[in-house]
Amino acid sequence: MHAVERIDVPGQLKAASLRMKLDDTTAMQLAIAASRRALAAGNRPYGAVLLSAAGELLLEAGNRQATDADCTAHAEMVLVREATVRLGTAALRGGTVFASGEPCAMCAGALFWAGVRRVVFAASNPLMAELLGGELLPARCADVLAGTTPPVRVEGPLLEHEAAEVLREAARRA
Ligand SMILES: [Zn+2]
């Protein structure tokens, strides 16, 4: 019912057409699908999805560290930046982010400052370290966001096995 008011704004057409309520499993499947696309494009194998406070799908994003030559272009950071530009800062307020990999300390902080109030991840930080190795920022998302005002709920792992398949594929390619 909100689609009509957005229809004359080209940049928001896609977002308007995506406005549907999603359950947690479907939202995470989209985040994992985004992680596959990121890997296929030559980036790190991570994806993230933003749902509004009302549970509507707003935006999907994948990691772009390689394609953007930007070490901060984690999927969650790309998601926050694109949502802010395309939908406005209010779109993130009270929202939920589904991430195929547990958000790192940088992304957890960005999600908090963006006003996201629930974070759900698939692959845990220890599993990512086990499967991919390399650099490790070991702080857990729930620890980074513990005691914030207002509070942020951190949940996971959800569909960890499916997310791990993409990580294993990335490890095989490395
Ligand atoms: Zn991150």
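Mentor: Let us begin with burial. A residue is buried if 20 or more other C-beta atoms lie within 10 Å of its own, exposed if 12 or fewer, and partly exposed in between, with C-beta atoms placed from the backbone. In helix 8, the buried residues are A163, A164, V166, L167 and A170. Seen down the axis of helix 8, these residues fall within an arc of 155 degrees, so they line one face of the helix; the arc is that of the directions from the helix axis to the C-beta atoms. On the other side, H161 and R172 are exposed.

Trainee: On what basis are the residues and elements numbered, and what kind of model is this?

Mentor: Residues are numbered from 1 along each chain as its sequence is written. The model is predicted: local features need pLDDT of at least 70, side-chain atom pairs count only at pLDDT 80 or more, and totals for chains, interfaces and linings use all residues. Helices (H or I, at least four residues) and strands (E, at least two) are DSSP runs, numbered from the N terminus. Here the chain has eight helices and five strands.

Trainee: Against which elements do the buried residues of helix 8 pack?

Mentor: They pack against helix 3 (24-40), strand 3 (96-101), strand 4 (118-123) and helix 6 (125-132). Two residues are in contact if their C-beta atoms, placed from the backbone, lie within 7 Å.

Trainee: Which residues does V154 contact, leaving aside its neighbours within four places in sequence?

Mentor: V154 lies in strand 5 (residues 153-155) and is in contact with V119, C141, A142 and L145.
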